[in-house]
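Me: I'm new to this one and would like to go through it slowly. Could you show it to me before we start?

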Amino acid sequence: MLTATALTRIVAAALEEDAPWGDLTSTTLLPADATATADLAARESGVFSGGDVFAGAFALTDPTITVDLHVADGDAFASGDVLASVSGPARSILTAERVALNFTQRMSGIATLTAQYVRAIEGTKARIVDTRKTTPGLRAFERHAVVSGGGTNHRYSLSDAVMAKDNHLAVLQRGGTDLASALRDALQALPHTTHVVVEVDRLDQVEAVLAGGAHTVLLDNFSLEDLRAGVALIGDRATVEASGGVNLDTVGAIAATGVDVISVGALTHSARALDLGLDLRIDG
């Protein structure tokens with residue numbers, strides 16, 4: 001969830017990074033009383049995300065700047081559409097411009113890619129979820145963008161759920177610990193609200209995971225045939241998640257196997273920033 005506190009913290013850090021001692025160009029070349037109006041224009045089609053972040057970059061730079069958003073997060077737009085308008089002191093608008101655009105282009109790129117994955121699995125019961133493969137420090141923005149595109153968030157951090165992956169299982173196996181027993185012991189120690197996910201890479205691992213009481217079984221890098229077998233084996237005993245080898249060419253077939261969830265790291269680690277620009281007009 002993108003909170004006001006996270007938004008302010010992240011945007012303020014970006015503004016400080018970009019102009020640690022002020023904007024030398026704007027303050028030395030532009031008259032202090034110059035005002036301007038600027039339009040956030042789409043150079044290509046996509047799905048919008050980051051409206052509050054865009055506005056926040058200008059507000060934190062200069063609270064006298066006015067931002068009017070013409071689309072909401074999750075709205076589709078076409079090339080040439082004006083997505084927002086900004087007005088106020090020209091110096092301040094130009095100081096905040098790059099940070100505002102960087103965030104909005106990045107977030108809209110993620111939302112647009114997510115929407116493509118969501119469309120690719122229409123008609124199935126599966127849902128598209130993100131992963132922790134996010135840009136350090138920007139997770140709140142990138143996870144918000146996934147939701148803007150119609151996707152769903154996975155656990156936000158390591159503190160939010162138990163998720164035993166291959167390396168965890170390797171440590172248990174090396175120590176001679178029985179997986180089912182380890183899971184049962186963990187569930188006894190955890191609050192009853194904590195969700196437990198266990199990743200497997202072979203069908204013969206599934207029964208031990210279910211015996212341990214896992215809520216979700218993650219089938220990692222399974223073939224389509226093995227995904228179908230895994231769905232049949234697990235039935236309604238746990239949620240079935242698929243991951244690995246997921247792209248726009250394969251996601252439809254993966255969803256058709258009957259899995260409940262498809263996690264896609266590419267939503268955040270490989271999304272291309274959309275081409276959005278700020279077209280400025282000097283007032284007066």
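This is a predicted model: local features need pLDDT of at least 70, side-chain atom pairs count only at pLDDT 80 or more; totals for chains, interfaces and linings use all residues.

Me: Okay, so is Glu199 buried or exposed?
Reply: Glu199 is buried, because its relative accessibility is 7%, which is under the 20% limit.

Me: And what does Glu199 form a salt bridge with?
Reply: Glu199 forms a salt bridge with Lys165, and the closest N and O atoms of the two are 3.5 Å apart. The pair links distant parts of the chain, since Lys165 sits in the loop between strand S7 (162-164) and helix H6 (166-174), while Glu199 belongs to strand S8 (residues 196-200), 34 residues apart. Lys165 itself counts as partly exposed, with a relative accessibility of 29%.

Me: How many salt bridges does the structure hold?
Reply: The structure holds ten salt bridges. One of them brings together the side chains of Arg237 and Glu207, at 3.1 Å from N to O. This pair, too, links distant parts of the chain: Arg237 is in the loop between helix H9 (224-234) and strand S10 (239-243), Glu207 is in helix H8 (residues 206-211), and they are 30 residues apart. Arg237 counts as partly exposed at 44% relative accessibility, and Glu207 is partly exposed as well, with a relative accessible area of 38%.

Me: Switching to strands, why is S5 described as largely enclosed?
Reply: Strand S5 covers residues 82-89, and six of its eight residues are buried, so the strand is largely enclosed by the rest of the structure.

Me: What pairs with S5, then?
Reply: Strand S1 (residues 35-42) runs antiparallel to S5 and is joined to it by seven bridges; in that pairing, Ala36 has Gly88 of S5 as its bridge partner. Strand S3 (residues 66-69) also pairs with S5 in the antiparallel sense, over four bridges, and here the partner of Val67 in S5 is Val86.

Me: Now the aromatic rings. How many aromatic pairs are there?
Reply: The structure holds two aromatic pairs. In one of them, the rings of Phe54 and Phe58 have their centres 5.1 Å apart and their planes at 70 degrees, so this pair is edge-to-face. Phe54 and Phe58 are both in helix H3 (residues 51-61), and because they are four residues apart there, about one helical turn separates them. Phe54 counts as buried at 0% relative accessibility, and Phe58 counts as buried at 0% too.

Me: What about Phe103 and Phe141?
Reply: Phe103 and Phe141 form an edge-to-face pair, with 5.0 Å from centre to centre and 85 degrees between the planes. Phe103 is buried, with a relative accessible area of 9%, and Phe141 is buried at 1% relative accessibility.

Me: Which residue lies over the face of Tyr156?
Reply: Arg139 lies over the face of Tyr156, at 5.9 Å from the ring centre.

Me: And the surface: which residues make the nonpolar patch?
Reply: Leu94, Leu280 and Ile282 make a nonpolar surface patch of about 240 Å². Ile282 belongs to strand S12 (residues 276-282) and is exposed, with a relative accessible area of 55%.

Me: Last one: where does Thr194 lie?
Reply: Thr194 lies in the loop between helix H7 (179-189) and S8, and although it is in a loop, Thr194 counts as buried at 15% relative accessibility. From Thr194 to Leu101 there are 93 residues in sequence and 38 Å in space, taken from C-alpha to C-alpha.

Technical notes:
Residues are numbered from 1 along each chain as its sequence is written. Side-chain values use heavy atoms; hydrogens and water are left out. A salt bridge is a side-chain nitrogen of Lys or Arg within 4 Å of a carboxyl oxygen of Asp or Glu. Helices (H or I, at least four residues) and strands (E, at least two) are DSSP runs, numbered from the N terminus. Buried means under 20% relative accessible area, exposed over 50%, partly exposed in between (1.4 Å probe, protein chains only). Two strands pair if DSSP finds at least two bridges between them. Rings of Phe, Tyr and Trp (its six-membered ring) pair if their centres lie within 6.5 Å; planes under 30 degrees apart count as stacked, over 60 as edge-to-face and the rest as tilted. A charge sits over a ring if NZ of Lys or CZ of Arg is within 6 Å of the ring centre and within 35 degrees of the ring normal. Patches are made of residues with over 30% relative accessible area and no salt bridge: like charges are joined within 9 Å, nonpolar side chains (Val, Leu, Ile, Met, Phe, Trp, Tyr) within 5 Å. Accessible areas come from the Shrake-Rupley method with a 1.4 Å probe; for residues, only the protein chains shown count as cover.
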